[in-house]
Structure formats: structure tokens, C-alpha cells
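Subject: Structure for you to look at

Hello,

Here is the structure I promised to pass on. Please open it and keep it beside this email as you read.

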Amino acid sequence: ASDWGIGHLATAITDFPAMPIQPAPSAGYPLGISLAGYGRDAELFPTAPYPQPSPGGFCPYFGPNCWWTPAVIDPYCLALNDNNNAIQLEAGSCKIIGGNSGSPLIWNTGTASSPVYRIMGVVHGGGVQAAAPRFLYAPRFAGGVALASYDDGSARTQVFATDRDSNRVVRRYRQSTSVNDGFTTYSSLGTVPTPGRMAAFKLTNGKPALVVTSGDGNLYLSYVNSSGSWQAWATLDKPSGVSSFLDVDAAYDAAGTNQLYVIGSNNLPYTRRRLTTDPYSAWGNWQALTTSTAVSFQRISAIRRADGSQQVFLVSTAGDVYTLWQTSPAPGSGWTSITPFETRGLPAVADLDAAWTEQEQVEVFAVATNGELWTRTMVSQVPADGWGLWVLWPMQLYAPQAATPLVIDGLVSITASLWQEATGAAIVPVVLATDQQGNIYYTTHSLNAGWEDWRSFYH
């Protein structure tokens, strides 16, 4: 284990005893807990007792935290309190010989003669440990990621994810309206049958809403109602001739009204919008964006441009990119025909998304089937000015102590948006992505520094 490690097992481990997560009690301290696991003892094992992998071994990547070996751990200590999923241990009774970062904190909720063990937390260091509920709903295999505002509509970013391991939709949000503040731990918004692709959007009152594709073929919707509570998951009707959904996205028309976009089981794109600007108004009928079956589509992304018109980007089952846009910046406007979106030099694409730059130009992010990430940006805010060329985007991970730069091992999905916090200056673009193992990463952009190195979104 590691401090913030979340693992997805392709094959279940059957010979390891299952141990339920147990939240720490709200009262009754001091609480006796045990520490178990492996740590590095620098005195007993100052150098590696076995060959290092090439190139360079583990130590260049992890600094002093390398060559983890069995450590001697005091079997009993006291937990003083649990504040916002951080457990403070009593220093005098919690003596560990050797490092032990990432080991579980085990709590006997039974008696000495009849123990009942629960995982209470994870050792992190500095005298404050991570409580187990911090990891309870962290997505183990993310199938989709989306971003919108906080429940009350305030300028706080809220990130959502579907977890294909637990069939849950989970979320975490900024702890305040400051873009420099951290995020809460993940919490659950309930279950959806085999959740997959998702989209988040803001209602006209600023409150968030979600749509999620599912393994049972339905498109599920949930949103924060007028009383401030999340509405139970409900299914939306399907376009005629469609039995399930391959992808979903959401955008806004020129009046700010919500508009949904999907790819149906027939590989055709559809859209629908609310009938009025009332945040809870009914949805209009589905409209096919094309009836031609000459090209089969699998992915869709939509965005409102600076002039108020919407543009849609499509990925075909062959990996080619197409586009269409509204003929005027007006709600309910007609659409152009679907045309190829220049792909010279671009590998076959698996997924894409679009968002605004600081200058309110549209930028498209495309994940290639070989795991590479490419971008293409409008020349200006004016759609008629056209687009720049596709540019390969490095996927270097944040690892300042690494001997050689580390990169993400193959992206499979991409979500582009903006931090919701008011910065008092330029908007802050953010991109979230998932890899083949279902891990979530993110990066942000600034005019001065460009794109940051990618970081895990589990911290």
C-alpha cells in the first residue's frame, strides 16, 4: 500500500481475509488500535538485499522511501481524535521501528478474547493518519469523470466520477470558494447499474445535475432540487429506435438553457433541450443531428462558443473526428451538415472533449487509441477565423524527484472544463483524464506557466 494508493484488482484475491472499513467513533477516546504491515528499517536494511529493476531501480523514483522491508511495530497505541477524516495518534504509545507509511490501522471492536477487527485508517505520517472513510468511496475503477458547481450553486468546484467496481456515482468538492483550497474526500450519490460515461452541468439556478449511461441501457438523471437535496436517480426516455446509449454530454444554448447530447445504440447523434429557462422545466423531444448511416459514431462532445452558438464534435468507430455547429447563436437554431474535423497527423481517436481557454476560445482535447493526447484550438473567439493545427500534448506526471520524467500509462477518457471558483482574474482551465487502470488524473493551465504536470486526483 501507499499513502494514497487506490488499487483495482483485475482478478480477485481470495486468500486475503476481508476486513470491513469501520469509521472511528465520534466519542469514547482514547481508543486502542493496532498497526500492521511492512516498513523500511534504515538501520537493519540500509541497502537493497536484492537486485534493483532497471533502469535505475526504485530509489530514484521514491527518494528515501525505497526498499520496503519487514518492520517492527508497536502493536497497540491510542487514537486521540478524528477530525475531518484525519486521525491523530498519541505519540508516546505509537512507537514504530522503521518507516510504515501506507500500513493499515486495525481496530479491535470486540474483546481481547474474541477480537473483531476493522480497518480504521491508513498510516500517513506526521502524527496524523488518514481515517478509513477517506477511502470508502474513492473510485477504484473510474469509468467517467465530470465537473460542475457545488450543491448550493456557489462558486465551488465539484467533481463527479462513476466507479465501475462498486456501481456507484461518487463526488468530491472544494472545501471553500478559494481555488487554492483542497477537496473533500469522496462521498456517494448512490448506485446506477454498471455506470459508464457521464456529463455534469449547471441548472439555470446554478445547482448541479448529472446524466450517466448505464449497463442496463438507460440514461440516468439526478440533480439538486429547489430544497438543496439530490433527487433520486431517474431514467430519461430514449430516442425512437435507440435501445441504449454509448455516450452523453451536456452544453448550454444562447439563453443558458440545458441541452443534452447522446450517441445512441444505432451509432447516431441526438440532442434535446429544456423547453424553458426554468431550471426544472420539462425536456423537449430528441432531435437527430443526422439520419445518415454513412458514418457510425461512438463519442460526442458539445460546447457553447463565445458567440453563443453551439458546436458538436464526434468520434467515429473508425477513430475519425467530425463536427457540426449551429447556423445562428439562437436557442433552437438549426445545424450544419456533419463534416470531417481536419485530422492530418492525428492518430485514430478514442475520446475527446472541448472547453474554453482563458481567452474564451474553444480548445479540443483528443485521446488517441494509442494513449496519446492531442489538442487543437480555435485561432480566436470568432468561429469564422478557423482552427490551428493538432498538437501532441506531453503527459508527464508530477514527480520532481524522479531521475527520468514519468508519464501516464495510456489515457482512455478525457474531460475538459474550468475550475468554478472566482479567481478575480483569468478563468482556470482544468482537464481530468482516466487511464486503462481506472485512475483519475488532472492538470490545470495558467497564462504564465502553461499546463501543469499531471497529478493524481486521489490526494
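Below is what turned up, beginning with a sheet and moving on to charges and rings. Please keep in mind that this is a predicted model.

**The sheet**

Start with the open sheet. Four strands form it, in the order E17-E18-E19-E20, and the pairing is antiparallel. Strand E17 (245-252) and strand E20 (287-288) are the edges, and each pairs on one side only.

E17 and E18 pair over seven bridges, in the antiparallel sense. Find Phe245 first: its bridge partner in E18 is Gly264. E17 is mostly covered, with six of its eight residues buried.

At the other end, two bridges join strand E19 (residues 269-273) to E20. There, Tyr270 stands opposite Ala288.

**Salt bridges**

Side chains of opposite charge can pair when their charged atoms come close. How many salt bridges does the structure hold? It holds eight.

Two of the pairs below involve strand E19. Arg272 forms a salt bridge with Asp237, with the closest N and O atoms 2.9 Å apart. Arg272 lies in E19 and Asp237 in the loop between strand E16 (234-236) and E17, so this pair ties together parts that are 35 residues apart in sequence. Is Arg272 buried or exposed? Arg272 is buried, at a relative accessible area of 5%. Asp237 is partly exposed, at 44%.

Asp253 lies in the loop between E17 and strand E18 (258-264) and Arg273 in E19, so the pair ties together parts that are 20 residues apart in sequence. Asp253 is buried, at 0% relative accessibility. Arg273 is partly exposed, at 28%.

Arg140 and Asp165 meet in a salt bridge through their side chains (3.8 Å, N to O). Arg140 is in the loop between helix H2 (133-136) and strand E9 (142-149), and Asp165 is in the loop between strand E10 (157-163) and strand E11 (168-173), so the pair ties together parts that are 25 residues apart in sequence.

There is also a network of salt bridges, which links Arg197, Asp247 and Asp351.

**Aromatic rings**

The structure holds 20 aromatic pairs. One of them is Phe245 with Trp286, a tilted pair: 6.3 Å centre to centre, with 40 degrees between the planes. Phe245 lies in strand E17 and Trp286 in the loop between E19 and E20, so the pair ties together parts that are 41 residues apart in sequence. Phe245 is buried, at 6% relative accessible area. Trp286 is buried too, at 13%.

Phe297 and Tyr322 also pair, but edge-to-face: 5.6 Å centre to centre, with 85 degrees between the planes. Phe297 sits in strand E21 (residues 297-304) and Tyr322 in strand E23 (residues 321-325), 25 residues apart.

Which residues form one aromatic cluster? They are Phe183, Trp419, Tyr442 and Phe457. Phe457 has a charged neighbour as well: Arg172 lies over its face, at 4.7 Å from the ring centre. Likewise, Arg376 lies over the face of Phe341, at 4.4 Å from the ring centre.

Best wishes

Terms used. Residues are numbered from 1 along each chain as its sequence is written. This is a predicted model: local features need pLDDT of at least 70, side-chain atom pairs count only at pLDDT 80 or more; totals for chains, interfaces and linings use all residues. Side-chain values use heavy atoms; hydrogens and water are left out. Two strands pair if DSSP finds at least two bridges between them. A salt bridge is a side-chain nitrogen of Lys or Arg within 4 Å of a carboxyl oxygen of Asp or Glu. Buried means under 20% relative accessible area, exposed over 50%, partly exposed in between (1.4 Å probe, protein chains only). Rings of Phe, Tyr and Trp (its six-membered ring) pair if their centres lie within 6.5 Å; planes under 30 degrees apart count as stacked, over 60 as edge-to-face and the rest as tilted. A charge sits over a ring if NZ of Lys or CZ of Arg is within 6 Å of the ring centre and within 35 degrees of the ring normal.
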